[in-house]
Amino acid sequence: MFGRKIVQHEALTKPQMPQASMKKVPSVKPAAQPRPLASRPQLVKGDKTAEYYDLKRQIFNALIEEIDVAQLSKMEASQARNEISEIVNHIVVAKKIGISQAEQEELLQDICNDILGYGPLEPLLARDDIADIMVNGSNRIFIEVDGKIQETDIRFRDNEQLLNVCQRIVSQVGRRVDEASPICDARLADGSRVNVIAPPLAIDGPTLTIRKFKKDKLTLDQLVKFGSITPEGAEILQIIGRVRCNVLVSGGTGSGKTTLLNTLTRYIDPEERIITCEDAAELQLQQPHVVRLETRPPNIEGSGEITMRALVKNCLRMRPERIIVGEVRGPEAFDLLQAMNTGHDGSMGTLHANSPREAISRIESMITMGGYTLPSKTIREMLVSSVDVIVQAARLRDGSRRITHITEVLGLEGDVVITQDLFVYEILGEDANGRVIGRHRSTGIGRPAFWDRARYYGEEKRLAAALDAAEMAAAA
């Protein structure tokens, strides 16, 4: 067999397991003969007993004795699973383990997930309807579906298994999580964002949070279908992306900022050179000329850190046409405004704020806290000359997500930044099921401040038609 090794005598060295799996195989005493199936508790998924884990441990240890891990790592996932399945079947027969076919399949699935994937999380990662996975120690796993958080019946064997899975995830992007470095941001291969915080900071065991990305990228048309924005509002957003307005996407945690930023980037011309800067690379741009940059945390000696500000400053030397910052949260705000104001039109970024007005204050605070000794008015002048549009996203109390404002930044009046709403979302009440009832309303602005920019790109007729349609819809 391709993955089977041949043991000629006991002195032969056993193959080395991958680091993430080594800790999963504790040394165990020779197991007693398994009880007959009739006296064995039923192995129910999500309610696994100590006996289930003991049996799994026996089979896992026997599997490691027979399989060539080095060869297994070179196989495709389906081929590796078939190899593991064949050897597990052989072990069950050889050891005369009295379990049913369904129980054997469940054990096989768990073992394959441990060796090839992320253990008990694999079934959750395979689901496309889950937005977030929240693991609070080995025995409490929550998910968010349709904006609502619910607890699952999936469990890890213990905190050691959970920490091994966390190590496997972060090691794929060259990072680590341990007692010396207990906080880590990382990402999965599909771009899903991962945060790990381990003991001693997490008192009840490792805490793992995964912000999942849908396999099928959302579009503005789908956001219209979900009620997040009206067709007229979506048309305005398309034009904003097309005519290279500088955009800030603002919103609270879980409001859909990154998703919205992804949808806006679909309308960037494929000929443009785009450079993205992120803490954990999760933007999924479709254009061919994209350079993706990612920050780096300090190493175990505390050196080697590459900050977001360093990436944004370096972008300016890379001949970008657009700079996109995954999340603005510190002094890099100054450098992004500088980029927006020095010929890099169409740059975008997201930040945490609960309204367009608060987003402006947050940008000013980030620059001030970054050590710049500029007068407030100077910072505001830079801001109004750099940012064209703020798009506000919100997660409502029923779990739904809405684009609540499309707001232009017009200029200064004294020391006050003047803004103008093009679209707003009004909450009217809620239905019998607790779902929020509301409507998107055009404010009736006939000619937005970026009208000349739209005319330069030949989009003024389309913009006028969208504004007229929005006003007619509001009047109806």
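**Close-up views of a predicted model**

**View 1. The second largest pocket.** This pocket has a volume of about 620 Å³. A pocket here is an open set of points on a 1 Å grid over the protein atoms alone, where a 1.4 Å probe fits, with protein on both sides within 12 Å along at least five of seven lines; the volume is the space filled by probe spheres set on the points. The model is predicted, so local features need pLDDT of at least 70 and side-chain atom pairs count only at pLDDT 80 or more, while totals for linings use all residues. Residues are numbered from 1 along each chain, and side-chain values use heavy atoms, without hydrogens or water. Lining residues, which have an atom within 4 Å of a point, number 26, and Arg 175, Arg 296, Pro 297, Pro 298 and Glu 305 lie nearest the centre.

**View 2. An aromatic pair.** Look for the 1 aromatic pair that a search of the whole structure finds (ring centres within 6.5 Å). The rings of Tyr 456 and Tyr 457 have centres 5.1 Å apart and planes at 85°, so they meet edge-to-face (over 60 degrees).

**View 3. Helix H16, residues 460-475.** Buried here (under 20%) are Leu 463, Ala 466, Leu 467 and Ala 470. Seen down the axis, they fall within an arc of 95°, so they line one face of H16. On the other side, Lys 461, Met 472 and Ala 475 are exposed.

Notes:
Phe/Tyr/Trp six-rings, centres within 6.5 Å; stacked < 30°, edge-to-face > 60°. Buried < 20%, exposed > 50% of the residue type's maximum accessible area, 1.4 Å probe, protein only. Helix = DSSP H or I, 4+ residues; strand = E, 2+ residues; numbered from the N terminus. Arc of directions from axis to C-beta.
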